[in-house]
Amino acid sequence: MTDPSHAGGAAHLLVILVSAALTDNILLTRFLGMCSFLAISRQMKASVGLGLAVTFVTTITCAINAALYVWVLRPYGLESLQLILFIVVIAAFVQFMEMLIERLSLGLYYALGIFLPLITVNCAVLGAALFMTNRNYGVTEGLVFGFGSGFGWMLAIVLMAGIRERLKTARIPPALEGPGITLIIAGIIALGFVGFSGMVQP
Amino acid sequence: MDGVSFVLTSTVVVAATCLASAVVLLIAERYLANYGPCTIDINQGSKKLEVRGGKPLLATLMQQQIFIPSACGGRGTCAYCKVKITDGAPPIAPTELTLLTDEEQQKNVRISCQVKVRNDLAIEIPEALFRVKQFTGVVERMRDLTHDIRELRIRLVEPAAIEFTPGQYVQLEAPAYGDNPEPVYRAYSISSPPSDKGHVELIIRLVPNGICTTWVFTMLKEGDEVRFNGPYGEFRLAEGDAEMVWIAGGSGMAPFWGMTRHMREHNVQRPCTYFFGAVAQRDLFFTDEFHDLEKAMPGFRFVPALSGAENDGWTGEKGLITQVVERHLKDGSGKEGYLCGSSGMIDASVKILKAKGIPEDRIFYDKFT
């Protein structure tokens, strides 16, 4: 475990953040969280909302899961339980989020619709938690990594929503309408993100 | 770490994590999902309800003894529980979109099981729904009318009497059993006349794998307690003395069996021809009763017809019920059509009646769904 409080800690955290959001973008380089990405990116407003929700969920659950892992699972040698416990934490937190959003913003609640409960099974959220333990991050690093991953996911879906907004008036071959053209565009953006690789080494 | 302590610590850690999550959620539900007291105004002030917010509108109204028809138990699939919300409605949920037409959406019609009560609401429902009640009764008699049609006679217990017009239906509750975790409600027309206030009779046909009918045919016994709510429905005899053409098949008999007895009791002399379609002789029932009623009621005629190929010894009408109507009905002008049965039969019959000159607004039907 790297101690986040050592000298140069801030720089270290910045590297984690940038690499999670850009060079190791969870959606564009790992292709996690594709299903809500494809469905929601049709609308810009809902994309921003879902992006914020995913960012928030990933940040907080990564921090809780990192704490659970570092302070409970590893000391007792229970690393093998990480998968089920991470899912329990994520599911409970998303349920909590759902109640919170319903209370605070009905518009967002209805715009997200079925995808809000589906954040539970958004593999990007679980993926971020598992990558984090692979890399032996502590709680602060986990928090930053979770925020970076979620932000990266949001960046990707907002990029895609912007492009799809333009596509509404574009002439697309009928066979490629909908998911077809979206996947091709996602591939091209992913190629672009490969250009970032090697810039930072976490 | 040895095996036993590994198992113990794993159990404790998993249980503690789940417990902590559950506690957080319970607290959140207590404070976040609590929308406090809300007022529901029904039909512009004709009734005002004080309710606790946070639950779907359908369930909230049901707690207040107002029963909106619903067959799926609030799962948002049957689209029966439509209610007009004139004020305070939340945005239309994605689960409602497929069940509402554009016209309904513009008229503020909503699926009440999918609308949560979060604030004060103003709604409009048909006045008749105020008369809908939840009944408990006891199965007094159960008899097989044919090999797959059964008649239930239910003695009412609480409330002890029911007011309805012939042609209306009730929703029978099939309790949870087997693979069926929640009670479901299914609509059946009342086949008894309204004069018999202490009883309702239902005619139920066995639907293969049907949740409610399977329960009626395999589990329900005489003496058992049953629950239903009602009455619902706009299917009834129109005012006036226009000549009537009735068409039914199978358990579509039910409303007409009630209407005929009601007409007999009130000595209604309105001319009426009742076409009843079946496949074979074993599917016919109440034939003797109807022939007796024919003698007592001069204007009434009962025409049973069989569509099956092998019906030796049958001297009555043969062919599909639409063909029989086609042969018998000369001129439909000035007459009224009343239909009850499967949607295929009704669509075909409406076509025939219109071709015979009965205007569309004088054709009334109760379609099985």
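Okay, so helix 4 of chain A and helix 1 of chain B: the two are roughly parallel to each other, since angles under 35 degrees count as roughly parallel, over 145 as roughly antiparallel, 65 to 115 as roughly perpendicular and the rest as oblique. This is a predicted model, where local features need pLDDT of at least 70 and side-chain atom pairs count only at pLDDT 80 or more, while totals for chains, interfaces and linings use all residues. On labels, residues are numbered from 1 along each chain as its sequence is written, and chains are lettered from A and ligands numbered from 1 in the order in which they are written.

Back to that pair. Two packed helices are described by the angle between their axes and the distance between the axes. Here helix 4 of chain A and helix 1 of chain B, residues 3-31, pack at about 0° with axes 10 Å apart. Axes are lines fitted to C-alpha atoms, for helices over the stretch in contact, and angles run from 0 to 180 degrees between N-to-C directions. The helices themselves (H or I, at least four residues) and the strands (E, at least two) are DSSP runs, numbered from the N terminus.

Who touches whom? From helix 4 of chain A you get Ile84(A), Leu85(A), Val88(A), Val89(A), Ala92(A), Gln95(A), Phe96(A) and Met99(A). Helix 1 of chain B answers with residues including Val14(B), Cys18(B), Val24(B) and Leu25(B). Contact means that the C-beta atoms, placed from the backbone, lie within 7 Å. By class, this helix pair brings 12 nonpolar, 3 polar and 1 charged residues. For the classes, Ala, Val, Leu, Ile, Met, Phe, Trp, Tyr, Cys and Pro count as nonpolar, Asp, Glu, Lys and Arg as charged, and the others, Gly among them, as polar.

Zooming out to the chain contact, 20 residues come from chain A and 18 residues from chain B. On the chain A side, the elements giving two or more residues are helix 4 (82-104) and helix 5 (106-112). Helix 4 of chain A has the largest share, 10 residues. That side of chain A comes out as 15 nonpolar, 4 polar and 1 charged.

Now inside chain A. Helix 3 (residues 44-73) and helix 8 (residues 139-167) of chain A have axes that come within 7 Å and cross at roughly 165°. That makes helix 3 of chain A roughly antiparallel to helix 8 of chain A. The crossing of the two is right-handed, which is the case where the near helix is turned clockwise from the far one by less than a right angle, with anticlockwise being left-handed. Their contact splits into 20 nonpolar, 12 polar and 1 charged residues.

Helix 8 of chain A also meets helix 9 (residues 179-194) of chain A, with axes within 11 Å and a crossing of roughly 130°. That makes this pair oblique, and the crossing is again right-handed. Among the residues that meet are Leu159(A) and Ile163(A) from helix 8, and Ile185(A) and Ile189(A) from helix 9.

On to chain B, which has 9 helices and 17 strands. One open sheet has 5 strands in the order 2-1-5-3-4, with mixed pairing; pairing takes at least two DSSP bridges between the strands. Strand 2 (47-52) and strand 4 (109-111) of chain B are its edges, each pairing on one side only. Strand 3 (residues 82-87) and strand 4 of chain B pair antiparallel over 3 bridges, and Val83(B) has Arg110(B) as its bridge partner.

The other open sheet I want to show has 6 strands, ordered 9-8-11-6-7-10, with antiparallel pairing. Strand 9 (184-189) and strand 10 (199-205) of chain B have a single partner strand each, so one side of each is left without a neighbour in the sheet. Strand 6 (residues 133-144) and strand 7 (residues 149-158) of chain B share 8 bridges, with Gly137(B) partnered to Leu156(B).

Definitions and conventions
Two residues are in contact if their C-beta atoms, placed from the backbone, lie within 7 Å.
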